[in-house]
Amino acid sequence: LELNSTLLSLNLMKNNIGDTGTDFLAKALFVNNVLLELILGANEIGDEGATSIIVALSENTSVEHIDLFPNPMSDRAREQITKAAREKGSNVQLKLSFVY
């Protein structure tokens, strides 16, 4: 992913990557500026993984859509991810819970 120049969407739903896997993925996102969509639903991502995503969002300029539902992160972590996306000043779409 760090060297990716063509992949626009990555769906890792239901791969049980957890916080550790999310940390590795976030480090790759930190330098990747091609990926537009990241789907990480049902991966047992908790608050630690959420923190990794927040850090990645602060540097990544390409991601426009992140799906993190369902994952066992706290409401506070969801709020922090939402805040990080807004601070980017971009139109990042987040899916953190059911959309009715």
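Author: A salt bridge is a side-chain nitrogen of Lys or Arg within 4 Å of a carboxyl oxygen of Asp or Glu. Please note that this is a predicted model, in which local features need pLDDT of at least 70 and side-chain atom pairs count only at pLDDT 80 or more, while totals for chains, interfaces and linings use all residues. Residues are numbered from 1 along each chain as its sequence is written, and side-chain values use heavy atoms, with hydrogens and water left out.

Reader: How many salt bridges are there in the whole structure?

Author: The search finds three. In one of them, aspartate 75 pairs with arginine 78, and the closest N and O atoms are 3.9 Å apart.

Reader: Where do aspartate 75 and arginine 78 lie?

Author: Both belong to helix H3 (residues 75-87), three residues apart, which is about one turn of the helix. Helices (H or I, at least four residues) and strands (E, at least two) are DSSP runs, numbered from the N terminus.

Reader: Is aspartate 75 buried or exposed?

Author: Aspartate 75 is exposed, with a relative accessible area of 57%. Arginine 78, its partner, is buried at 18%. Buried means under 20% relative accessible area, exposed over 50%, and partly exposed in between (1.4 Å probe, protein chains only).

Reader: Which residue does glutamate 87 meet in a salt bridge?

Author: Glutamate 87 meets lysine 83, at 3.9 Å from N to O. These two also lie in helix H3, four residues apart, and both are exposed.

Reader: What about lysine 27, which residue is its salt-bridge partner?

Author: Lysine 27 forms a salt bridge with aspartate 23, with the closest N and O atoms 3.3 Å apart. Helix H1 (residues 18-31) holds both, four residues apart. Lysine 27 is partly exposed, with a relative accessible area of 49%, and aspartate 23 is likewise partly exposed, at 27%.

Reader: A change of topic: where does serine 62 lie?

Author: Serine 62 is in the loop between helix H2 (47-59) and strand E3 (65-67).

Reader: Why does serine 62 count as buried?

Author: Serine 62 counts as buried because its relative accessible area is 7%.

Reader: Which residues does serine 62 touch?

Author: Leaving aside residues up to four places away in sequence, serine 62 touches Asn32, Asn33, Val34, Leu35 and Leu36; contact means heavy atoms within 4.5 Å.
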